[in-house]
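Here are some friendly notes to read with the model open beside you. Take the points one at a time, and find each residue as you go.

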Amino acid sequence: MIDYYSTSAEFYELVATRHTASSGPPLTRVLTGLDVTHGPVLEIGAGTGRVTEVVAAALPEAEILAAEPSATMRAMLTSRVARDPDLRRRVTVVDGAAQDLVLPERLSAVVIFGVAGHLTVPERVALWKRLADRLPDGAPIVVELMGVSSPRHIPPVMSLRETIGRQTYEWWIGGEPTEGDAMRFTTTWKVLRDGRTVREVADSYDWHTFDVARLAREAGMTSRRITEAGGRPIPEIGVLVK
Ligand SMILES: C[S@@+](CC[C@H](N)C(=O)[O-])C[C@H]1O[C@@H](n2cnc3c(N)ncnc32)[C@H](O)[C@@H]1O
């Protein structure tokens, strides 16, 4: 697995704050009331733990297994879990990529936000099969997409602008089709002070595009799409149900 996230990890919380504000409420609605007695809730690619907090709040009785392969992102995840007594009691943080994650025998649900496109189709198919073998009938795999269901040219746009202290942070992102279902996204963080750029951190990552119907076919599960919450558009979420 390529660690795409360490280069820009210092900025990730800025993205995650906005992301969780929009994706958190629909995720809460999907999870609330779920039976969590079958096993832990697995979060794949838990990042810095913002979504982990949403899962924990929606399912106050659940044990949570939060897997994150990037050491830099995992450091923030562990820090977030360690400073909250409730998370500390219920969340186990592990290193591991979706492709080779050591899984418990039973799971109650799975949350995979902003991650699935880092896997190729055969890797996703293998993952859905391993998860299905551990989930009870009716249990969900909640997948957050990235708003691109097929490769296309996306010109660089400033997606976020935030101020911390005396500095302003801008996040620029654009993408190009590469091969088959894949796109390469290029992102640049610009740090500005007194209107001047004082630092730039650029990186890129590959993303295999898909839509929810395609995931359902790969997994042999039923699916539903969630594209808005409270009347507002949100990054698309798919719920696969075994
Ligand atoms: C866009 S971030 C999303 C983080 C978190 N889920 C959230 O929504 O805030 C993607 C995360 O997936 C992780 N990741 C990348 N490739 C992965 C893989 N093959 N398996 C599991 N996690 C992966 C990255 O290290 C990163 O933390």
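**Notes on the model**

1. Let us start with one residue. Val115 touches Ile44, Gly45 and Ala98, leaving out residues up to four places away in sequence; two residues are in contact if their C-beta atoms, placed from the backbone, lie within 7 Å. Val115 sits in the loop between β4 (109–113) and α5. Helices (H or I, at least four residues) and strands (E, at least two) are DSSP runs, numbered from the N terminus. Is Val115 buried or exposed? Val115 counts as buried, because 21 C-beta neighbours lie inside 10 Å. The cut-offs are these: a residue is buried if 20 or more other C-beta atoms lie within 10 Å of its own, exposed if 12 or fewer, and partly exposed in between, with C-beta atoms placed from the backbone. Val115 and Leu145 are 30 residues apart in sequence, and their C-alpha atoms are 7.9 Å apart in space.

2. A word on what you are looking at. This is a predicted model, where local features need pLDDT of at least 70 and side-chain atom pairs count only at pLDDT 80 or more, while totals for chains, interfaces and linings use all residues. Residues are numbered from 1 along each chain as its sequence is written.

3. Now find the ligand. How many residues surround the ligand? There are 22, and the closest are Gly45, Gly47, Ser70, Ala98 and Gly114. The elements that give two or more residues to this shell are α1 (12–31) and α2 (50–58). Here a residue is near a molecule or strand if its C-beta atom, placed from the backbone, lies within 6 Å of it. By class, the shell has 13 nonpolar, 7 polar and 2 charged residues. For these classes, Ala, Val, Leu, Ile, Met, Phe, Trp, Tyr, Cys and Pro count as nonpolar, Asp, Glu, Lys and Arg as charged, and the others, Gly among them, as polar.

4. Step back to the domains. The assignment gives domain 1 (9–148 + 210–241) and domain 2 (154–207); such bounds come from an automatic or database domain assignment. Their centres, taken over C-alpha atoms, are 24 Å apart. Domain 1 brings 9 residues to the contact and domain 2 brings 8 residues. On the side of domain 1 that touches domain 2, the residues divide into 6 nonpolar, 2 polar and 1 charged.

5. There is also a record to compare. An unreviewed UniProt entry carries the annotation "domain: Methyltransferase" over residues 41–135; annotations of this kind may be inferred rather than shown by experiment, and feature names are shortened, with positions given in the numbering used here. Over residues 41–135 the chain is 41% helix and 18% strand, and the end C-alpha atoms are 10 Å apart.

6. Just after α6, Gly220 takes a positive phi of about 65°.

7. Next, strand β9. Val201 lies in β9 (residues 196–208) and is partly exposed, because 13 other C-beta atoms lie within 10 Å. Setting aside residues up to four places away in sequence, Val201 touches Thr7, Ser8 and Trp189. Ala202 is also placed in strand β9, and Ala202 counts as exposed, with 12 C-beta neighbours inside 10 Å. Apart from its neighbours within four places in sequence, Ala202 is in contact with Thr186, Thr187 and Thr188.

8. Two last stops. Phe11 lies in the segment before α1, and not counting residues up to four places away in sequence, Phe11 touches Tyr169, Trp171 and Trp189. Asp194 is found in the loop between β8 (182–193) and β9. Phi of Asp194 is near 50°, a positive value in a residue other than glycine.
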